[in-house]
Structure formats: structure tokens, C-alpha cells
Amino acid sequence: MGLQIVRFENEGKEQWGVVTEKQILVLEDSYSSLADFLKNGAEEARKVKESGAGKSVALDEVTLLSPVTKPARIVCQGANYSSHRAEAGLEAARPPFNLIFSKADSSLCGAYTEIVRPANVQLLDYEIELGLVIGTEIDNAVQVTDETLHQYVAGLVIFNDVSARDVQLTEGQWLKGKSYRTFGPTGPFLYLLDKEEIALIHDLEVKCWVNDELRQSANTNQLLFKPAETISELSEIMDLSAGDLIVTGTTGGVALNLTPDVLGQVSGMGTPYQKKMEVLVESQINNGKYLKDGDVVRCQIKSADGTIDLGEQVNKVVPSKVAIS
């Protein structure tokens with residue numbers, strides 16, 4: 001069975017530990033980054049879990065931090081569930097290409113951190129996603145299969161790909177619209193996988209609530225482009241390092257809901273920016289699903305049998321105190 005790992009702050013000090021029930025078994029050594037932990041701390045974590053010895057602290061007495069640390073590449077898959085493709089105004093079937101974009105690592109924040117809504121953003125959206133933590137250096141093209149996936153993926157995290165739809169769609173700038181600070185709640189747990197558990201990546205239940213209303217519910221067996229083929233494709237294009245994050249896409253149930261006609265108007269290169277904004281906001285503003293100040297987003301990912309449990313995120317939306325031009 002794998003390990004639930006946390007990175008946390010306690011008494012002004014950042015530490016790593018293994019979760020056991022409601023306690024954290026604290027690791028003696030400090031690790032400066034997730035890459036450092038994967039290289040030098042994973043074995044210590046396994047030994048601590050086996051022995052149960054050493055210092056411990058209550059899980060609810062510390063501040064949990066994102067287990068994914070800067071610097072890190074955050075490589076995202078877009079429109080990777082048929083249900084989300086349909087609600088975004090796209091053809092629901094698997095497309096001929098894997099849609100890839102990136103997100104700034106400064107968007108990373110903890111599983112209980114407040115999501116700060118920028119003053120210029122009207123259409124703030126949530127997207128629960130399964131995150132794959134890369135466990136090794138990849139600097140050349142590799143052919144990954146389900147049988148070799150454990151050689152490349154060290155663990156799993158919950159990731160909420162918070163998105164400013166009015167920036168993302170009207171400007172066509174996905175990096176900008178998805179990279180505001182706090183737009184990447186991650187954790188609470190990094191689940192370090194055992195080799196025998198790799199197959200369960202394809203059978204995890206993904207759920208997201210807003211103010212206790214279930215908005216998103218799916219299974220990772222519905223992913224259109226699977227982890228092995230995605231890592232294979234990315235390896236042909238770019239380097240990946242231990243501690244980097246691949247975010248596998250969100251399912252249906254987000255606030256965004258476009259018809260093909262509206263999508264065409266908003267994404268058209270020939271449509272003036274102000275017209276795009278008017279069309280998008282008019283089609284979306286009254287659907288009642290976009291995040292408002294005070295809303296609480298709750299996310300869970302786990303296997304049906306409970307063997308793999310990535311914990312639960314709870315993030316409250318608050319307004320920015322800084323005006324953005």
C-alpha cells in the first residue's frame with residue numbers, strides 16, 4: 001500500500017511527514033523541494049511508516065502546504081473528458097490531438113488556502129483534476145506503457161485548475177487566465193504509489209462540490225488521452241523532471257457552458273475583443289455556477305475501495321484587495 005505524504009508548516013518550520021490516521025509521523029530530515037524529497041526522502045518515509053516510531057503531530061494542528069513545490073513545470077491537458085468537451089461547445093468524441101497548455105508554478109497553493117478572485121475577473125471557474133507527479137528525469141523520447149508507467153509517475157495529487165474564463169477565452173491566453181496566484185490548490189496529500197497500485201490510476205473517483213452541491217463526478221477511466229500515452233507524447237517535445245506535475249484534465253460540471261455558436265464567436269480571431277467579452281459574459285453571467293466571493297469549493301479523489309485516498313481540499317473564495325489593470 002502506498003503512502004500519504006504531507007508537506008506542512010509547524011511552529012514556523014516547513015517539514016515533511018507520513019499521514020497515519022489523524023497523525024503525521026514527522027520525518028527527521030528536511031527536504032528543500034518535492035524533487036529533493038522524492039530523491040532523498042521517500043525511503044525515509046517508508047521506514048518511518050513501517051516502524052511508527054519518532055515524533056508525531058496532529059494533522060489538524062499544522063498548516064498543510066502544497067506538496068508540489070516551486071520550481072516545477074505544471075503541464076496541463078485540456079478538454080480531456082467527453083462531458084467537459086460537450087459543455088465547452090466542442091465535439092464530445094476524442095479529438096485528433098491532445099490539447100496541452102501550461103500553468104505558472106506561482107499559482108500553487110495549499111489544500112486549505114483561500115482562492116483569491118482578481119478584481120477584473122467576473123467568470124471564476126473550478127476544475128477538479130488528477131495530478132501526476134513525475135518521479136524521474138525525462139530528457140529524451142520514451143515509449144511509456146501501462147506496464148512501465150510506475151517508472152515515470154511517483155505519485156498522485158488533487159489539483160484544482162481554477163480558471164478566469166473571461167481572461168482565458170476572450171484573450172485566448174490560457175496561461176494568463178489560469179495562472180493567477182492561488183489558482184492551483186494542490187494536495188492535501190501526495191500519494192506515493194506502490195508499483196502494484198499503478199493500474200488504479202485508471203479507476204479513481206473524482207468529485208467536486210461547491211457550497212456542498214455536488215457539481216463534478218466522474219471516474220478517471222473516462223480520460224480520453226491516458227497517462228502513459230500523454231507522457232510518451234510530452235517526452236517527444238520537452239524535458240520533464242522529478243517533482244514536475246502533469247494535470248490530466250477536468251470532467252463535466254464546471255460553470256462554463258457554451259454552445260458551439262458562442263464558442264465560435266468568442267474564439268474567432270476576427271471578432272473584436274469587446275464583442276467577445278460581451279458575447280461571453282451575456283451567455284454565462286446568469287447561469288448561477290460561477291464562483292462568488294464566500295463560496296467554498298471541496299474536492300476529493302480516491303479509489304472506490306479506499307485503497308488510494310488523496311484527501312480532501314476545502315478552499316474558500318475571497319476578493320482580491322489589489323486592483324488589476
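Which residues of the largest nonpolar core touch the most other members? Select Leu-156 and Ile-201: of the 60 residues in that core, these two touch the most other members. What you have open is a predicted model.

**Stop 1: the cores**

Stay on Ile-201. Show its contacts beyond four places in sequence. You will find Leu-130, Leu-132, Leu-149, Val-153, Leu-156, Leu-193, Thr-220 and Pro-227.

Now select Ile-5, Leu-25, Leu-38 and Val-157. They are among the 28 residues of a second, separate core.

**Stop 2: Ile-24**

Move to strand S3, residues 23–26, and pick Ile-24. Is Ile-24 buried or exposed? Ile-24 is buried, and its relative accessible area is 0%. Buried here means under 20%.

Next, show what surrounds Ile-24. Leaving out residues up to four places away in sequence, Ile-24 touches Val-6, Phe-8, Gly-17 and Val-18, among others. The list also includes Lys-55, Ser-56, Val-57, Leu-59 and Val-62.

**Stop 3: a buried charged pair**

Side chains of opposite charge can pair when their charged atoms come close. This structure holds 14 salt bridges.

Select Glu-127 and Arg-165. Their side chains meet in a salt bridge, 2.4 Å from N to O. The pair links distant parts of the chain, 38 residues apart. Glu-127 sits in the loop between strand S10 (124–125) and strand S11 (128–134). Arg-165 is in helix H4, residues 165–171.

Check accessibility next. Glu-127 is buried at 4%. Arg-165 counts as buried too, at 2%.

**Stop 4: two further bridges**

Go to Lys-292 and Asp-295. Here the salt bridge spans 3.7 Å, N to O. Lys-292 is partly exposed, at 48% relative accessible area. Asp-295, at 6%, counts as buried.

Then select Arg-298 and Glu-312, whose side chains meet in a salt bridge at 3.1 Å, N to O. Arg-298 lies in strand S19 (residues 296–303) and Glu-312 in strand S20 (residues 309–319), so the bridge ties together parts 14 residues apart in sequence. Glu-312 counts as partly exposed, with 25% relative accessibility.

**Last stop: the network**

Which residues do salt bridges with shared partners join into one network? Select Lys-103, Asp-125, Glu-127, Asp-161, Arg-165 and Lys-178. Glu-127 and Arg-165, the pair from Stop 3, belong to this network.

Note on methods. Residues are numbered from 1 along each chain as its sequence is written. This is a predicted model: local features need pLDDT of at least 70, side-chain atom pairs count only at pLDDT 80 or more; totals for chains, interfaces and linings use all residues. Side-chain values use heavy atoms; hydrogens and water are left out. Helices (H or I, at least four residues) and strands (E, at least two) are DSSP runs, numbered from the N terminus. Buried means under 20% relative accessible area, exposed over 50%, partly exposed in between (1.4 Å probe, protein chains only). Contact means heavy atoms within 4.5 Å. A nonpolar core is a set of buried Ala, Val, Leu, Ile, Met, Phe, Trp, Tyr and Cys residues joined through side-chain atoms within 4.5 Å. A salt bridge is a side-chain nitrogen of Lys or Arg within 4 Å of a carboxyl oxygen of Asp or Glu.
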